[in-house]
Amino acid sequence: MSSDTGQGRGVRLWAGAYSITALIVFVVLVVLGLIMRLSQSGVVAVPADYFYAIMTLHGLGMAGVLYTAGYAAIWFLASKYVQPNMALMRFNFVLILLGVVGLIAATLIGRFGPGWYMLYPLPFLPTWPTWSIGLAVISVMLLGVAWLLGQLDVLRVIVGRYGLTGMLGWQYLGKGELREDLPPVVLIIAVSMIAGAVTTIVGAVMLMLYLAQWLAPELQFDALLMKNAVFLFGHTLVNITMYCGVAVVYELLPTFSGRPWKTNRIVALSWNAVLLLVLVAFFHHLYMDFAQPVAFQVFGQLASFFSAVPATVVTIFGVMAQVYRSGIRWSFVPLSMILGLTGWVIGGLAAVVDSTIAVNIFFHNTMWVPAHFHTYFLVGFVFILFGFIYQLVGSKSELMGKLSLGTMLAGGYGFLLMFYLGGLESVPRRFADYSSIGISSVMEFGQMSALVAALCVAVFIIGLLLYYTAVFRSLGAWLARIRMDN
Ligand code: HEM
């Protein structure tokens, strides 16, 4: 079973190329995650400089590959309504590959390891060779350029067909007659790509300043300003990745429920609110920066609370309306969509907990932080993405698909539970080796939970391999179908 919603041969081939490449990179990054957990458990000794290089590659790689795959998915779905530029998609593929190769060299060879958001002025410490700093910055710039071009291109074609206010669904807010339905997938793509483009430009300016300091080390920039910029960019990128996943669900679930999922006034209002709130919620990353104006801190908390509501509530009600008494057959794709949305909601709630100032005082920089974002990514976005790829390429064995989903679910939540419990027990994040922690109860819990987590990751990887077997075995048939269609 696979989708053919009218997209042409090239669109299907490129969506496939991005998806399969993402799957290959993803499993390698999961193995890096496993190595980190084994190091933290004390079972495997990873030198600290390698640990931080691996951590940086894993974090940047995961955030980058999942956004790119999410973009490819919405690009494919958008192609049903508009025609984005195919040559740009090919060009971006090369830019992104170059960026990835550069990052691999900077981290694994140069041992560049300031963490995935390269917080200023950490990258400029004399801990790693100067070339690795420049290479890492240029590589992230290449990725940023590809993402920005992609975002602008999709916006260009959507504005061309639906108009500036039309793509945001403003026609649903007035009393006038509707001339054309706005598919919700287009609305969510528009919101995500506007937020993405604005904040990627901020990220680009920040990276240019990094580049300037690399070329002229005597330069100094305001660390607080840089931190605001990096989180505006990074936080938004992560959020719009999730929204790309949600857009996929809005488009694909109706093909299984048999019910249309339409934009209405509430859907339009909610996603417009998301556009405003997602741009300011990042302030919750700066609660510990006492030089940040207090008003921003209060604003950050309020925006974090409110940004969680509209998209989530409107999507959950939408899903209920789709599924309730629809007689839906629970095959791999709808199952992965529902499980993915569940992971998104659970991770989102854990994020709201952490973005509450009174709680953040305790959870800041503990394992609670990776716990929440791993939840909405690993058992949230990744499940939705896997559903999309399964639908795109098809699978020879539905049974193997479902088995893979169950195994990834068990391994994934077991792995996440250890992060959450670590957070509750005050285990710090970003420690290569817990034996240096002075409080023995925290050290012991950290090591024990890391070991259990590593075992769960092994289970997750088994599920992953089952999924890959199901999908990769049908690649030949998928290519043959595309050839026959033309
Ligand atoms: C089974 C899969 C995965 C495993 C085993 C894993 C493991 C880990 C570990 C052990 C850390 C370091 C935690 C710490 O001590 O601070 C980490 C950090 C991180 N992971 Fe994962 N992870 C997985 C999946 C993902 C996914 C799907 C994403 C998607 C975005 C992701 C993104 C990150 C990021 C951004 C960091 C933070 C890096 C930093 O602090 O600079 N990981 N991961």
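This briefing describes an iron site, salt bridges, cysteines, a surface patch and some local backbone features of one protein structure.

The structure is a predicted model, in which local features need pLDDT of at least 70 and side-chain atom pairs count only at pLDDT 80 or more, while totals for chains, interfaces and linings use all residues. Residues are numbered from 1 along each chain as its sequence is written, and side-chain values use heavy atoms, with hydrogens and water left out. The iron atom of the ligand has H58 and H374 as its protein donors, and a search of the whole structure finds six salt bridges.

**Iron site**

- H58 and H374 each contribute an NE2 atom to the iron atom of the ligand and lie 2.0 Å from it. Donors are N, O and S atoms within 2.8 Å of the metal (3.2 Å for Na, K and Ca); water is not among the atoms, so sites may look incomplete.
- H58 belongs to helix α2 (residues 48-78) and H374 to helix α11 (residues 368-393), so the two histidines tie together parts that are 316 residues apart in sequence. Helices (H or I, at least four residues) and strands (E, at least two) are DSSP runs, numbered from the N terminus.
- The arrangement is octahedral because the six donor atoms around the iron atom of the ligand subtend angles of 87 to 180°. Six donors count as octahedral, and four as square planar, if opposite donors are over 155 degrees apart and all others between 65 and 115; four count as tetrahedral if all angles lie between 85 and 135 degrees, and anything else is irregular.
- Both H58 and H374 are buried. Buried means under 20% relative accessible area, exposed over 50%, and partly exposed in between (1.4 Å probe, protein chains only).

**Salt bridges**

- A salt bridge is a side-chain nitrogen of Lys or Arg within 4 Å of a carboxyl oxygen of Asp or Glu.
- D49 and R111 meet through their side chains in a salt bridge of 2.5 Å, N to O. This pair links distant parts of the chain, with D49 in helix α2 and R111 in the loop between α3 and α4, 62 residues apart. D49 is partly exposed at 35% relative accessibility, and R111 is partly exposed at 31%.
- K80 and E251 form a salt bridge of 2.9 Å, N to O. K80 lies in the loop between α2 and α3 and E251 in helix α6 (residues 223-257), so the pair ties together parts that are 171 residues apart in sequence. K80 is partly exposed, with a relative accessible area of 38%, whereas E251 is buried at 12%.
- K227 pairs with D289 in a salt bridge whose closest N and O atoms are 2.8 Å apart. K227 is in helix α6 and D289 in the loop between α7 (265-278) and α8, distant parts of the chain 62 residues apart. Both K227 and D289 are buried.

**Cysteines**

- The count of disulfides comes to zero, a disulfide being a pair of cysteine sulfur atoms within 2.5 Å.
- C244 is buried at 2% relative accessibility, and C456 is buried with a relative accessible area of 15%.

**Nonpolar surface patch**

- V294, V298, L302, F305 and F306 make a nonpolar surface patch of about 460 Å². Patches are made of residues with over 30% relative accessible area and no salt bridge: like charges are joined within 9 Å, and nonpolar side chains (Val, Leu, Ile, Met, Phe, Trp, Tyr) within 5 Å. Accessible areas come from the Shrake-Rupley method with a 1.4 Å probe; for residues, only the protein chains shown count as cover.
- V298, one of the patch residues, is in helix α8 (residues 294-323) and is partly exposed, with a relative accessible area of 43%.

**Local backbone features**

- The peptide bond from Y120 to P121 is cis, with omega near 5°. P121 lies in the loop between α3 (86-109) and α4 (130-162).
- R111, which is not a glycine, has a positive phi of about 55°.
- R325 is likewise not a glycine and has a positive phi of about 50°. R325 sits in the loop between α8 and α9 (332-354) and is exposed, with a relative accessible area of 71%.
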